[in-house]
Amino acid sequence: MYLCPGQRGDKQPQLQDSPQLGVNKETAQVIQAAFRNAKFPNITGERSMRLLGRVAYGLTNIQVNDLSIERSEVELKEDNAIHIAIKNVTALFKGTLTYGYAGAWFLQLFHSVDFEIESSIDLQLSIKLTCQKDQVVPDASDCYLTFHKLTLHLQGDKQPGWLKQLFTDFISFTLKLVLKREVCKEINAVSQMLTNFILDLAANFVRDKDIIVDISLASDPVIKASYIESHHKGLVLYRNNSSVLSDSVFSPSLLTESRMLYFWFSEHSLSSLASAAFLDGRLVLNLTGEKLQELFEMEDTEVQRKAVQMVFQGTSYNDSVAKVWSLTQPQISPQPEGTVVRSLVAVEVSILPAGEEPLVALYMEKEITVTIQATYEEKKLILQPVDSSIEIKVFKCTADPSGKDPSIQRFLQNMILVAGIPEVTSSIGSALTSLMNSKRLDLFDIINPEIITRKGYVIVQLDFGFPSHLLLHFLEKSL
């Protein structure tokens, strides 16, 4: 998998249309959440003052209000870290200042007053990515705050000017240390929680009942100047059985650097998924009613009418069912023209006479080879067959047990090529769309996705937007 924080190319994208804007917006949301969620401890201290004696103070109930971020920038430092610059964080801190002092005449005075602190801060953050227990672990401990403004305001006008100056001078340094420590600690914690959240989403996306894809890391993530590269095992697990890792033909040169996110799938991984689906009994389709009628009445000819009469024997389509299933594990072979799928497929048409046992009117086995091109549009996976061939291996028709009428076979063969295979591929695309949407893929902004097939592998490249409401829900729930 490749992740690029923004687009590159001869033309710079407009800010409002750039994927970079989405990344920066999401970064700002996370940083804002870290500031708001940081737990600031009470700050106490004391200082000796001429005439006043010893002055003790405490800042309590420190909270963040009116937080805003002017802009954020994300940059990849090759072989180093993800560098994030947050510019002009304007934050208003509120709390209570309690102070007391013993004067030269032993007069003890204690006061409590609400305060506000206006601040303007720049934040520099370098996030390193490591592999621990086969998972991505971010380290955001390299964190620095630069204060351009830190102004203390005491409530009301009755406090003497020296008091405000006094506390501004010797509280500021301590306050800066506390803010840096707590904000940076919270940013590190939030980055780890967000990483775990995304990893959990990804793990759930590639898991469905007994079929699991192991997406744990095969090595440490690699940070380049324009992208982050991570290699995942991609092992398919089915009922405690695992596929075997095979040599990969992957090379970074196979990808461009114009999109935000790239996924690279090997032929082996795709074949392993198809095998698991076959073993799990998922490659089965039942057609009845209107769907069955559309297939058998795709043309109005004498041969067609004869075939319908021989197969259904006067039974309505609503009282009939066609079952299509794969007899062997499909062989998957990505090629430049599309993904080539080969399998031995069975078709069984049964009629259901009222009050009687179902009758198998037609049974066929055929070798099918189909080249499929895939697209993802309007949050739907569309599978389009572009080239197909079939070879009938077994043909049994109750009304023609001797098989002396070859016209029936020719009609059925043509029907399968013209209408049957498109119907099956469309149904598979719809089923996969439903499965992906059940994993909340439809909540994400998938922008201009492309599914590119090459000899031995498939590339999926896209720009994307992390849904703000999903991110905010996570932050609200987790913090």
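Predicted model: local features only at pLDDT ≥ 70, side-chain atom pairs only at ≥ 80, totals over all residues.
Q: How do strands β20 and β21 pair?
A: Helices (H or I, at least four residues) and strands (E, at least two) are DSSP runs, numbered from the N terminus. Two strands pair if DSSP finds at least two bridges between them. Here β20 (residues 445-454) and β21 (residues 457-465) are paired in the antiparallel sense, over eight bridges. Ile 451 has Val 460 of β21 opposite.

Q: Which residue takes a positive phi in the hairpin of β20 and β21?
A: Gly 456 does, with a phi near 95 degrees; the hairpin has two residues between the strands.

Q: Which cysteines form a disulfide?
A: A disulfide is a pair of cysteine sulfur atoms within 2.5 Å. The structure holds one: the sulfur atoms of Cys 143 and Cys 184 are 2.0 Å apart. This pair links distant parts of the chain, since Cys 143 is in strand β6 (residues 135-154) and Cys 184 is in helix α2 (residues 161-205), 41 residues apart. The torsion about the S-S bond of Cys 143 and Cys 184 is about -70 degrees, so the disulfide is left-handed.

Q: Are Cys 143 and Cys 184 buried or exposed?
A: Buried means under 20% relative accessible area, exposed over 50%, and partly exposed in between (1.4 Å probe, protein chains only). Both Cys 143 and Cys 184 are buried. Cys 397, at 5% relative accessibility, also counts as buried, whereas Cys 131, at 24%, counts as partly exposed.

Q: Which residues touch the most other members of the largest nonpolar core?
A: In soluble globular proteins, nonpolar side chains tend to be buried together. A nonpolar core is a set of buried Ala, Val, Leu, Ile, Met, Phe, Trp, Tyr and Cys residues joined through side-chain atoms within 4.5 Å. The largest one has 61 residues, and Ile 82, Leu 97 and Leu 125 touch the most other members. Helix α2 gives the most to this core, with 11 residues. Apart from it lies another core, of 41 residues, including Phe 312 and Val 345.

Q: How many aromatic pairs does the structure hold?
A: A pair of aromatic rings is described by the distance of the centres and the angle of the planes. Rings of Phe, Tyr and Trp (its six-membered ring) pair if their centres lie within 6.5 Å; planes under 30 degrees apart count as stacked, over 60 as edge-to-face and the rest as tilted. The structure holds six such pairs. The rings of Phe 263 and Phe 265 have centres 6.4 Å apart and planes at 20 degrees, so this pair is stacked. Trp 325 and Tyr 363 form a tilted pair, 6.4 Å centre to centre with 50 degrees between the planes.

Q: Which charged residue sits over the ring of Trp 325?
A: A charge sits over a ring if NZ of Lys or CZ of Arg is within 6 Å of the ring centre and within 35 degrees of the ring normal. For Trp 325, the charged end of Lys 323 is 4.6 Å from the ring centre. Likewise, Lys 180 lies over the face of Tyr 144, at 5.5 Å from the ring centre.

Note on methods: Residues numbered from 1 in each chain as written. Heavy atoms only, no water.
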